Every structure is written in C-alpha cells, then in structure tokens.
Amino acid sequence: MPDTSNKDTIYASPGSHTGEFIFDEKVVDVFPDMIKRSVPGYSTIIHMIGQIAQRFSHPHTRCYDLGCSLGAASVAMQQQIADNSIEIIAVDNSSDMIKKAKTLAKNVHGAPSITFVESDITDLALENASVIVLNFTLQFIAPSKRADLLSRVYKALNKGGVLVLSEKLAFDDAQYSDLVTELHHYFKKTNGYSDLEIAHKRAAIENVLIPETRETHHQRLMDVGFSSADIWFQCFNFASIVAVK
Ligand code: GEK
C-alpha cells in the first residue's frame with residue numbers, strides 16, 4: 001500500500017497530552033508513519049501475513065482482518081493470494097479508519113476482493129474462514145472480552161485454518177521487561193520520536209492498550225481449542241503468534 005500519510009507529531013508539543021488515545025481522524029492522517037516508527041518489525045509482519053495467508057487460504061473461503069486500520073494486512077493478503085473465489089473482509093470500528101481505508105485499497109484482477117466493514121469485532125458474526133488476522137488489535141479489546149472473541153474466531157475457522165495474532169507483550173520477569181522496554185524506546189528515538197513524545201504516547205495509551213504475557217495468550221488459545229500456537233516473530237516486546245485449528 002502506498003504510504004500517503006503525514007509525519008506523526010501528535011505528541012510532539014508540551015500541551016499535547018490531553019486524554020486517552022483514540023483512533024480518530026488525527027491518528028488516521030499519520031497512521032502508516034506512526035505504526036512503522038512505533039512497532040518494530042511492522043513491515044515484515046505485514047508482508048509475512050500475506051505469505052501465511054497464501055499458505056493457509058482455501059478456495060471459496062474468507063480471510064478476515066479484524067481491527068484492519070487502513071487495511072495494510074488485507075492488501076498484503078490480496079497481493080499474495082491469486083484466487084478471486086476468496087473474499088477478504090476487513091473490519092474496524094473507527095469510521096475514520098474505514099473511510100480512509102476504502103480510498104486506499106484497489107480491486108486487483110484475479111485476486112480476492114476486499115470488503116471494508118465498520119463494526120465492533122466483539123459483536124461481528126464470523127464464518128467460513130481459512131485465515132483470521134488480529135494484527136495488534138486484541139490488545140485494545142477489554143481483557144474480559146478476549147476469550148469470547150477468540151472462541152468465536154476458533155469456531156469461524158475451518159479445520160486447518162490459521163489465526164495470526166500479533167500483540168505487544170508483557171513479561172513477568174521485571175529485569176527482562178525493563179530491558180525490552182528500554183530497547184523499544186531506543187528504537188522509537190532512532191526513528192525520530194523525542195523523549196517527550198514517547199512519554200506522552202505512553203501515558204495516553206496506558207489504559208487503552210493492555211498487554212498480556214505470552215503464557216496468557218498461549219493458555220487462552222489452547223483453552224478455546226487451537227491445536228497449536230507459537231510465536232513466529234518477536235522483536236523486543238512485540239510478537240506475532242500463529243495458531244492453527
Ligand atoms: C494493521 N491491524 O495495520 N472493533 C473493531 N476494531 C477495533 C476495536 C473493536 N472493538 N478496538 C480497536 N479496534 C492494523 C493495525 S491498530 C494497532 C491495528 C495500533 C481497531 C482500532 O480502531 C485500530 O484501527 C486497530 O484496532 C488497532 O495491521 O494502532 O497499535
């Protein structure tokens with residue numbers, strides 16, 4: 001997807017820390033720049049979601065991109081799946097995100113179509129899926145609703161189907177946790193964010209993005225029925241899991 005976004009300066013000025021982080025028009029305008037400069041490995045993860053989808057998708061099934069933002073994972077799947085009997089359903093509850101995403105995605109001859117849906121993924125019906133992507137989305141869902149969502153994800157998948165679950169992780173080991181947090185801050189600083197911006201963003205997102213440990217994720221995936229779940233990518237405190245039904 002072409003990067004048509006502006007530079008993220010949302011938390012650059014001293015008075016910019018005003019309330020909790022929300023996915024509004026201001027964020028939409030800078031989103032590709034923000035996520036690439038904030039999430040280590042984002043571009044690799046997006047490209048590889050396309051590759052994983054190519055391997056697991058089957059004719060006449062659906063690939064869901066839940067919490068799609070501007071549809072980067074959907075476009076990666078569209079680019080790597082050469083089968084237009086497959087449908088990509090991209091869902092987000094931010095109307096600003098969906099409005100912009102619709103202007104960025106294109107129909108590609110012989111490739112799956114992408115349908116953008118504005119909906120809360122915690123009450124969306126899911127069905128006939130071979131691939132479901134939750135790329136840095138579950139962390140924004142209330143922890144009490146996560147098991148139910150993953151259980152519906154599991155039920156919607158056909159046998160052999162895959163869930164790609166990418167999340168910011170928490171760690172029980174305080175020393176390790178401090179190290180990866182510092183390395184992540186270093187990553188953000190080398191990408192041009194100031195200490196002030198990093199601190200403001202951290203405060204704004206504190207009660208909005210709730211990370212869990214990989215053990216919690218693994219146990220919940222096993223509890224809802226997945227036969228295997230393991231990390232295929234990790235950089236600092238950001239990881240992506242593949243879970244197979
Ligand atoms: C990407 N996957 O570029 N229902 C629907 N969408 C939601 C909900 C909900 N209940 N809660 C949050 N969102 C994308 C990146 S961003 C991650 C995902 C980040 C949406 C929210 O509106 C936002 O667009 C997305 O989840 C999280 O591959 O910004 O760190």
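**Helices, cores and rings**

The buried residues of helix 2 are Tyr42, Ile45, Ile46, Ile49, Gly50, Gln51, Ile52 and Ala53. This is a predicted model: local features need pLDDT of at least 70, side-chain atom pairs count only at pLDDT 80 or more, and totals for chains, interfaces and linings use all residues. Residues are numbered from 1 along each chain as its sequence is written, and side-chain values use heavy atoms, with hydrogens and water left out.

Q: What makes a run of residues a helix or a strand?
A: Helices (H or I, at least four residues) and strands (E, at least two) are DSSP runs, numbered from the N terminus.

Q: How do you know that the span of helix 2 agrees with its 15 residues?
A: The expected span is 1.5 Å times one less than the number of residues. For helix 2 that should be 21 Å, and its end C-alpha atoms are 21 Å apart, so the two agree.

Q: What do the buried residues of helix 2 pack against?
A: They pack against helix 1, helix 3, strand 4, strand 5, strand 6 and strand 7 (238-244). Contact means heavy atoms within 4.5 Å.

Q: Why is helix 3 called largely enclosed?
A: Buried means under 20% relative accessible area, exposed over 50%, and partly exposed in between (1.4 Å probe, protein chains only). Eight of the nine residues of helix 3 are buried, so the rest of the structure largely encloses it. The buried ones are Ala72, Ala73, Ser74, Val75, Ala76, Met77, Gln78 and Gln80. They pack against helix 2, strand 1, strand 2, strand 3 and strand 4.

Q: What makes a nonpolar core, and which residues of the largest one touch the most other members?
A: A core is a set of buried Ala, Val, Leu, Ile, Met, Phe, Trp, Tyr and Cys residues joined through side-chain atoms within 4.5 Å. The largest has 41 residues, of which Ile49, Cys63, Met77, Ile114, Phe116 and Val131 touch the most other members. Elements that each supply at least two residues include helix 1 (25-38), helix 2 (42-56) and helix 3 (72-80). A second, separate core has 26 residues, among them Ile121, Leu134, Leu157 and Leu165.

Q: Which residues is Met77 in contact with, leaving aside neighbours within four places in sequence?
A: Met77 is in contact with Ile49, Gly50, Ala53, Cys63, Tyr64, Asp65, Ile88, Val131 and Val133.

Q: Why is Arg37 called buried?
A: Its relative accessible area is 10%, so Arg37 counts as buried. Arg37 lies in helix 1.

Q: What makes a charge sit over a ring, and which charges do so at Tyr193?
A: NZ of Lys or CZ of Arg must be within 6 Å of the ring centre and within 35 degrees of the ring normal. Arg37 lies over the face of Tyr193, at 4.0 Å from the ring centre. The charged end of Lys188 sits over that ring too, 5.0 Å from its centre. Arg37 and Lys188 are 151 residues apart in sequence, yet 6.2 Å apart in space, C-alpha to C-alpha.

Q: Why is the pair of Tyr154 and Phe226 called edge-to-face?
A: Rings of Phe, Tyr and Trp (its six-membered ring) pair if their centres lie within 6.5 Å; planes under 30 degrees apart count as stacked, over 60 as edge-to-face and the rest as tilted. By this rule the count comes to five aromatic pairs. Tyr154 and Phe226 are 5.1 Å centre to centre, with 75 degrees between the planes, and the pair is edge-to-face. Tyr154 is in helix 5 (residues 143-156), and Phe226 is 72 residues away, in the loop between helix 8 (214-224) and strand 6 (228-235). Both are buried.

Q: How do you know that Cys68 is in no disulfide?
A: A disulfide is a pair of cysteine sulfur atoms within 2.5 Å. A search of the whole structure finds zero disulfides. For Cys68, the nearest cysteine sulfur, that of Cys63, is 14 Å away.

Q: Why are Cys68 and Cys235 put in the classes they have?
A: Cys68 counts as buried because its relative accessibility is 5%. Cys235 has 22%, so it counts as partly exposed.
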